[in-house]
Amino acid sequence: MSLFERYLSLWVALCIVIGIALGHALPGAFAAIAAAEVARVNLVVAALIWLMIIPMLLKIDFGALGSVRQHWKGVGVTLFVNWAVKPFSMALLGTVFIGWLFAPLLPEGQASSYIAGLILLAAAPCTAMVFVWSNLCDGEPTYTLSQVALNDLLMIFLFAPLVALLLGVASVTVPWDTLLLSVVLYIVVPVIVAQLVRAAVLASGGQLALDRLLGRLGPASLVALLATLILLFGFQGEQIVRQPLVIALLAVPILIQVYFNAGIAYWLSRRFGVAWCVAAPAALIGASNFFELAVAAAISLFGLHSGAALATVVGVLVEVPVMLSVVAIVKRTRPWCEAA
């Protein structure tokens, strides 16, 4: 991990402070940014999110899908956890904690919006950051690449109907046109653009040229993420100042969900005799989220000022330290896994 990635949670915390301060100091500027919308898509935020997502998707080689059969048990475990367990468990956890236990402590009328943000977070399996986590635990690179490529492909078809189903269960009205537009803007188009650029770069300069491009774009992607967070917290500043406990409360179901799904993926991998070099990244892929997509979808569906957008941002805040702890756990429990 780069120094910037390792301390991502620190930078996110600084963005909270900066965003809140700027929101109070420059309300007119933030109002103008909020007004720059076309079909409920904020143009400034859309540009920043594209800058976030496309460099990550450049790492994905869809040709790796041919390797799925080599590690079919590990792939099956992560597919089951990503698509059949994680979104539904988050909907349940969100309802129990945000809709019931913590409801008296949250701003009135915001519970359903927070739950919607948590669902969006859980419905998007992680992509690029998984390569970092897998590398840290010496995971099998072929498995990791093939699983991430498969998840990206499935997101094109499953993200919208799964989100619509779970938001309906959570009694949130789903604007289908906006949801489908979000899928096109933040999944389909970036995947196509990234693969076209990847193919062109590889054709002209090979893997070395692609690595150089990724090295240049990586910092820009993280800066775009932080700029987006400053905007979000600028719009959410007044609410956060009034209710600082909200962020801590939203983190509770996210933390439970991460460890719960990582544990299921790791245990199932051991149960089915999956090698540790696959079981370890399986746990990480099963637990982590594509928070950039979740942030983008929350903004498109519910707006920059929404509780849903804030809930997805909390996912960014806890992502790095929590996933690093999962890496440490799977490395320390390697003898247990291999003893099966």
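Ala111 is found in helix α6, where helices are DSSP runs (H or I, at least four residues) numbered from the N terminus. This is a predicted model, in which local features need pLDDT of at least 70 and side-chain atom pairs count only at pLDDT 80 or more, while totals for chains, interfaces and linings use all residues. Residues are numbered from 1 along each chain as its sequence is written, and side-chain values use heavy atoms, leaving out hydrogens and water.

**Ala111**
- Ala111 is partly exposed at 22% relative accessible area (buried is under 20%, exposed over 50%, partly exposed in between, with a 1.4 Å probe and protein chains only).
- Leaving aside residues up to four places away in sequence, Ala111 touches Ile98 and Gly99 (contact means heavy atoms within 4.5 Å).

**α6 against α5**
- Helix α5 (residues 72–101) packs on α6 (residues 111–122) at about 155°, axes 9 Å apart; axes are lines fitted to C-alpha atoms over the stretch in contact, and angles run from 0 to 180 degrees between N-to-C directions.
- That makes the pair roughly antiparallel (over 145 degrees).
- The α5 side of the contact includes Met90, Ile98 and Gly99, and the α6 side includes Ala111, Tyr114 and Leu118.
- By class, this contact has 10 nonpolar, 3 polar and 1 charged residues.

**α6 against α10**
- The axes of α6 and helix α10 (residues 245–271) come within 11 Å and cross at roughly 35°.
- Tyr114, Leu118, Leu121 and Ala122 of α6 meet Val246, Leu250, Pro253, Ile254 and Gln257 of α10.

Conventions: Helices (H or I, at least four residues) and strands (E, at least two) are DSSP runs, numbered from the N terminus. Angles under 35 degrees count as roughly parallel, over 145 as roughly antiparallel, 65 to 115 as roughly perpendicular and the rest as oblique. Ala, Val, Leu, Ile, Met, Phe, Trp, Tyr, Cys and Pro count as nonpolar, Asp, Glu, Lys and Arg as charged, and the others, Gly among them, as polar.
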